[in-house]
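Here is a friendly briefing to read alongside your structure viewer.

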Amino acid sequence: MGLLSLGTPLPWDQAKLLAREVRKHGIEQFLHIWRNMKDRQKDRLLWGDEIEYMLISLDHKNRRARLSQRGHELLSQLQIEENEKLDHASRTGEKPELEALWRPEFGRYMIEGTPGQPYNSTVAELTNVEANMKKRRDIVTRLMRDNETILAVGSYPELGSGDFLEPPHKANGEFSRSLFLPDEVINPHPRFRTLAGNIRERRGSKVTINMPIFHDVNTPRPFIDPTIPYERNIFPGDKEAKEGAALPDHIYMDAMGFGMGCCCLQITLQAPNVNQARRLYDQLATVGAVMMSLSASSPIFRGYLADVDCRWNVISAAVDDRTPEERGLRPLSKDRFAIPKSRYGTIDTFLGSDDGYFKPEYNDLPLVYDEEIYQHLVSNDIDDLMAKHISHLFIRDPLVIFEELLDQDDAVSADHFENIQSTNWQNVRFKPPPPNSPIGWRVEFRPLEVQVTEFENAAFSVFTVLLARALLAFGDINMYIPITKMDINMQRAHSRDAVLREKFYFRRNILGDDKAAEQATDDDGSDVVEMSANEIVNGSLDFVGLVPIVQMYLDSIEVEDSVRAKIDTYIDFVRGRADGSIVTAAAWMRNFVRSHPAYKFDSVVSSEINYDLVVALDEIGKGKRNAPELTGIGVSGL
């Protein structure tokens with residue numbers, strides 16, 4: 001969730017008056033980091049993953065599965081040992097030995113787990129990832145009640161629908177003002193409720209989320225959701241649904257919790273230096289949509305089957321704090337910019353590096369940036385592309401300002417910079433080193449949907465890390481495409497069965513061994529073509545493929561046979577997802593619902609169906625139920 005400070009969060013009417021000051025000091029903090037760290041070299045290729053879980057309460061007698069508000073309680077218990085070991089390390093100077101770290105997320109029912117320390121740079125270390133993920137599940141399980149379990153899927157099927165929360169609460173909270181979600185689903189840390197309230201206040205209305213309904217044979221046409229309480233009159237925004245916010249043939253949602261209450265898998269990679277981090281940022285951004293389609297695990301929202309498989313657009317709309325002027329609905333008057341995208345979306349500009357492959361025409365999206373901040377950065381020796389990147393991030397307001405953290409020493413703090421940086425949620429994130437820290441320049445890869453099993457999560461993590469290392473080892477790999485094509489890819493990746501049905505724009509010649517041919521195709525645009533996920537991942541007669549590139553990298557280094565055999569199972573899994581021999585979690589869940597005896601082919605996922613689905617997913621996650629069509633285990637030699 002990014003920066004998580006303690007203190008007194010300011011309501012929006014006070015916070016907005018301090019936005020300019022926070023931006024000003026945030027830029028000064030970035031400049032201090034840049035001056036001190038820009039020449040840093042030879043950092044190890046450390047990395048880590050983040051997995052977000054949902055805590056579920058199972059009522060077997062009444063066949064009900066509900067989100068449990070005890071997630072926050074469990075988190076407090078999980079952090080006791082962590083804090084004790086960290087305190088001991090700070091007193092003695094010893095390195096803390098931690099198996100996992102635990103962090104809060106937006107939902108009170110959510111827990112985020114990471115490895116206790118970064119994975120090292122060896123290939124052999126990649127074989128320890130799955131075991132660490134399993135250990136995290138075991139650690140949480142020891143603290144749970146007999147009727148509780150943790151689930152790793154993108155979206156909880158019944159969030160905001162019926163009897164979905166334990167204990168139950170009415171949807172009448174002041175912060176979200178949602179027709180469906182009570183404020184009790186929000187983590188009690190003061191940042192989260194303030195974030196939800198300030199997004200709504202800044203926007204001038206509740207957020208508007210509409211996901212297309214999956215039209216099954218008995219789904220009404222048009223579909224008008226009968227569960228929306230159109231006549232509720234508690235808050236002024238209650239009328240928005242009736243006045244057009246809720247679209248026909250769509251699943252309507254109206255609160256930040258519908259997006260930030262989803263779960264994901266994220267990977268952060270440390271680069272040797274700032275230049276290599278910039279290369280990773282640019283190149284990994286181009287594969288985000290394809291990887292999201294392979295990992296799709298979010299086909300159900302608010303008790304309905306959706307005609308999408310991923311959560312990305314839900315979150316994008318859930319945190320869209322743009323005012324009507326910024327959204328282009330009214331002429332600019334009070335606001336500074338018309339902003340094309342939510343602050344949760346794909347990147348808007350590449351950073352470039354010294355690999356020689358970036359060209360200005362790849363940044364073909366008209367970039368909105370703060371000219372004053374840009375000029376200040378350039379005058380302090382920040383290059384054009386980096387200055388535009390930072391000044392683009394800083395067109396946004398800080399959403400949560402803590403009163404106690406207003407006055408900072410910009411030479412030693414990055415809180416104001418991170419306040420805005422961490423609430424620009426993009427498909428990749430460029431992360432400068434924290435002040436006075438051994439941590440280097442990093443890139444966070446953010447599009448992946450979380451998977452049901454540790455094997456799947458490990459497979460996607462390991463494959464992403466190996467692809468990143470291939471990009472660093474083989475400097476002639478060039479995957480640049482225009483930003484506008486990347487945006488199209490991300491929307492296509494969202495659709496139902498996108499991994500099998502969609503085509504994605506990708507660079508045909510990604511190996512830069514024939515620069516003359518590459519220049520010719522670049523000039524006429526013919527090197528960016530549409531390919532299937534299978535072609536991009538596994539290759540074809542005309543395209544090398546990401547899997548072969550990873551295998552080329554592994555062939556170029558010394559790898560023990562046992563390590564290579566384990567890694568090959570992960571690569572085979574990714575290959576199977578791309579060619580369709582292994583289905584996505586979204587497809588598996590949709591098929592489960594449509595084959596359930598209680599399903600009426602009307603797009604409705606009832607509480608009974610949801611219970612059976614959650615139990616089945618739980619059994620798969622714990623290894624108690626075979627699902628080779630989902631995990632690939634037992635398929636294609638896995």
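Please keep in mind that this is a predicted model.

**The buried side of H19**
- Helix H19 spans residues 546–555, and its buried residues are Leu546, Val547, Ile549, Val550, Tyr553 and Leu554.
- These residues lie on the same side of H19, because they cover an arc of only 160° around the axis.

**How H2 meets H11**
- Helix H2 (residues 19–37) and helix H11 (residues 371–379) have axes that come within 11 Å and cross at roughly 25°.
- Angles under 35 degrees count as roughly parallel, so H2 is roughly parallel to H11.
- The crossing of H2 past H11 is right-handed.
- On the H2 side, the contact is made by Arg20, Ile27, Glu28, Phe30 and Leu31, while H11 brings Glu372, Ile373, His376 and Leu377.
- Sorted by class, this contact of H2 with H11 has five nonpolar, three charged and one polar residues.

**Thr127 in its loop**
- You will find Thr127 in the loop between strand S4 (110–115) and helix H4 (129–143).
- Thr127 has a relative accessible area of 23%, which means that it is partly exposed.
- Beyond its neighbours within four places in sequence, Thr127 is in contact with Val563 and Lys566.
- Thr127 and Ala459 are 332 residues apart in sequence, yet their C-alpha atoms are 10.0 Å apart in space.

Notes. Residues are numbered from 1 along each chain as its sequence is written. This is a predicted model: local features need pLDDT of at least 70, side-chain atom pairs count only at pLDDT 80 or more; totals for chains, interfaces and linings use all residues. Side-chain values use heavy atoms; hydrogens and water are left out. Buried means under 20% relative accessible area, exposed over 50%, partly exposed in between (1.4 Å probe, protein chains only). Helices (H or I, at least four residues) and strands (E, at least two) are DSSP runs, numbered from the N terminus. The arc is that of the directions from the helix axis to the C-beta atoms. Axes are lines fitted to C-alpha atoms, for helices over the stretch in contact, and angles run from 0 to 180 degrees between N-to-C directions. Angles under 35 degrees count as roughly parallel, over 145 as roughly antiparallel, 65 to 115 as roughly perpendicular and the rest as oblique. A crossing is left-handed if the near helix is turned anticlockwise from the far one by less than a right angle, and right-handed if clockwise. Contact means heavy atoms within 4.5 Å. Ala, Val, Leu, Ile, Met, Phe, Trp, Tyr, Cys and Pro count as nonpolar, Asp, Glu, Lys and Arg as charged, and the others, Gly among them, as polar.
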